[in-house]
Amino acid sequence: MSDTAENDVPITVLIVDDEELLVKSCGQILSSEGYSVHTEGRGRNALDFVRRQRPDIVLTDLMLPDMDGLALLKEIKKLAPETLVVMITGFATVDSSVEAIRAGAYDYIPKPFTATQLRILIGRAAQQVKLVRDNASLRDQLKKHYSFDNIIGTSDSIQKVFSVVSRVAPTEASVFISGESGTGKELIARALHANSRRSARPFTAINCAALPDNLLETELFGHEKGAFTSADRERRGLLELAAGGTFFMDEISEMSMELQAKLLRVIQERKIRRVGGGEEIPIDVRWVSATNRDPDQAVRDGHLRQDLLYRLNVVPVKLPPLRNRREDIPALAQHFLRRYAQEYDRDNLRFSSESMRVLVEYEWPGNVRELQNVVERIVSMCLPGQEIFPEDMPEELSMRRAPNGKAGAVAAFSSDLPFHDAKNDAISIFEKQYLSDLLDRHNGNISQAARNAGIDRKTIHRMLAKYEIEGRD
Ligand SMILES: Nc1ncnc2c1ncn2[C@@H]1O[C@H](COP(=O)(O)OP(=O)(O)OP(=O)(O)O)[C@@H](O)[C@H]1O
Ligand SMILES: [Mg+2]
């Protein structure tokens, strides 16, 4: 079998049957195909083998001397969910085959079968095993090469970002990063630079929202002596100083349309003119920009020139809000906990499982930055060695304020319950009430409701499912 030959680790197949003849001939067929074959006659022994060796594929009879093949299948799925199980069904009864598939079998093969049928079926399963293996090793490679040291996140959505970033970093392509405030735009911009061929040259960042237009212009392009009253000597602009490096323009959509037009020319011509100067100065930078608006919307709203976006947006990178990748929260929280525990000299701090749950369930409107600030605040108030409970954390994490006039909704909890249960009930009551009011106001239109409430559509969908409320998209 050429597929396994290409792959260093052979695919292992466990055959389970008490019919010695069948086991022997299947074993021979599959061994000659390059599989590593092991055989067992009894279900119990097969389970032991699965526990120890985690074979890629199990081929088992539906009828075993000591146990039902279906029961074996279910046990295997518990022990090794990734193992593919193929059932040999006795009398080609439709019922048992259907039942096997339903119980998680990869496929079934009715007795009697030919060598070719067996080869094809196991070949297909092996293909599947290989796919999973390739995916895993691809992910490993990405992690090894581009784990960008301090950038945390294993969720699919952030891993997709990392994979784009790692592929585009070594190129000269302009990257346009969008994402809500605190999602890590600057961090990604720096990672792009650190992993580029320009990494030995400067990373220069400018926040376009921080300066009025005229100052921003002189910051970018510099000025000649006497260009304006206070210009008592010439000054080089950041674009000149950034030569050979990466130029990061943060909050690009806050720049005036006039300056955006000038910037567009600079990008196209790769030359600048200092304010008050005539000479053209060549520049050499790689462009990375960011905004916390939706870029297309910013164009529609007249905050961003379409032609400039077109230039800067060769590779778009969208950073997902933290609430849409909650699985990253524990690792991020631990990361910041370690960091601030060291900074504040507080050894051995740990989150209780309950407080971790609070962190995971909070909405994080300020995203990773908010999480970071919250952890710092917590650490600064802790004693060394302390286990952190929800009571040690800022109140707003556990309790979101009820909308005006609905305070009664949150008050409707029972103090008979333990504190955390009561709190969770109150939160559920609040969320449910908030959501149904919100949807009422928007006639059930989820997109509109999401925009209005400042939450993501996915969050609404999740809550709708949780509380079994109807809405429409
Ligand atoms: N995946 C991550 N792993 C570790 N730290 C992160 C991650 N994402 C963000 N941070 C940290 O969160 C903070 C905010 O990130 P950053 O400044 O890059 O966000 P931003 O999107 O530029 O925010 P803003 O729009 O407010 O400028 C930084 O301290 C950054 O180091
Ligand atoms: Mg930023």
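In strand β14, Lys 318 is the bridge partner of Ser 178. Ser 178 belongs to strand β6 (residues 175–178), and β6 pairs with β14 in the parallel sense over four bridges. Two strands are said to pair if DSSP finds at least two bridges between them. Strands (E, at least two residues) and helices (H or I, at least four) are DSSP runs, numbered from the N terminus.

Before going further, note that this is a predicted model: local features need pLDDT of at least 70, side-chain atom pairs count only at pLDDT 80 or more, and totals for chains, interfaces and linings use all residues. Residues are numbered from 1 along each chain as its sequence is written, while chains are lettered from A and ligands numbered from 1 in the order in which they are written.

**Two sheets**

Strands of a sheet pair through backbone hydrogen bonds, either parallel or antiparallel. The sheet with β6 and β14 is open and has five strands in the order β7-β10-β13-β6-β14, with parallel pairing. At its edges stand β7 (203–207) and β14 (315–318); each has a single partner strand, so one side of each is left without a neighbour in the sheet. From one strand to the next, the twist averages 20°.

Another open sheet of five strands runs in the order β2-β1-β3-β4-β5, and its pairing is parallel. Its edge strands are β2 (36–40) and β5 (107–110), each pairing on one side only. Strand β1 (residues 12–16) and β2 share five bridges in the parallel sense, and Thr 12 stands opposite Ser 36 in β2. Helix α3 (residues 43–53) packs on this sheet, touching β1, β2 and β3 (57–61), and its direction makes about 165° with that of β1.

**Helix pairs**

Here are two packed pairs. Axes are lines fitted to C-alpha atoms, for helices over the stretch in contact, and angles run from 0 to 180 degrees between N-to-C directions.

| Helices | Axes | Angle |
|---|---|---|
| α3 and α4 (residues 69–79) | within 10 Å | roughly 15° |
| α14 (residues 329–343) and α16 | 9 Å apart | about 45° |

Angles under 35 degrees count as roughly parallel, over 145 as roughly antiparallel, 65 to 115 as roughly perpendicular and the rest as oblique. Therefore α3 and α4 are roughly parallel to each other, and α14 and α16 are oblique.

Residues are in contact if their C-beta atoms, placed from the backbone, lie within 7 Å. Where do α3 and α4 meet? Gly 43, Ala 46, Leu 47, Val 50 and Arg 51 in α3 meet Leu 72, Glu 75, Ile 76 and Leu 79 in α4. In the other pair, the residues of α14 that meet α16 include Leu 332 and Phe 336, and those of α16 include Val 368 and Leu 371.

**Around the ligand**

Most residues other than glycine have a negative phi, and most peptide bonds are trans. The peptide bond from Lys 111 to Pro 112 is cis, with omega near -5°; Pro 112 lies in the loop between β5 and α6 (115–146). Trp 364 is not a glycine, yet has a positive phi of about 50°, and its place is in the loop between α15 (353–361) and α16.

Technical notes:
Contact = placed C-beta atoms within 7 Å.
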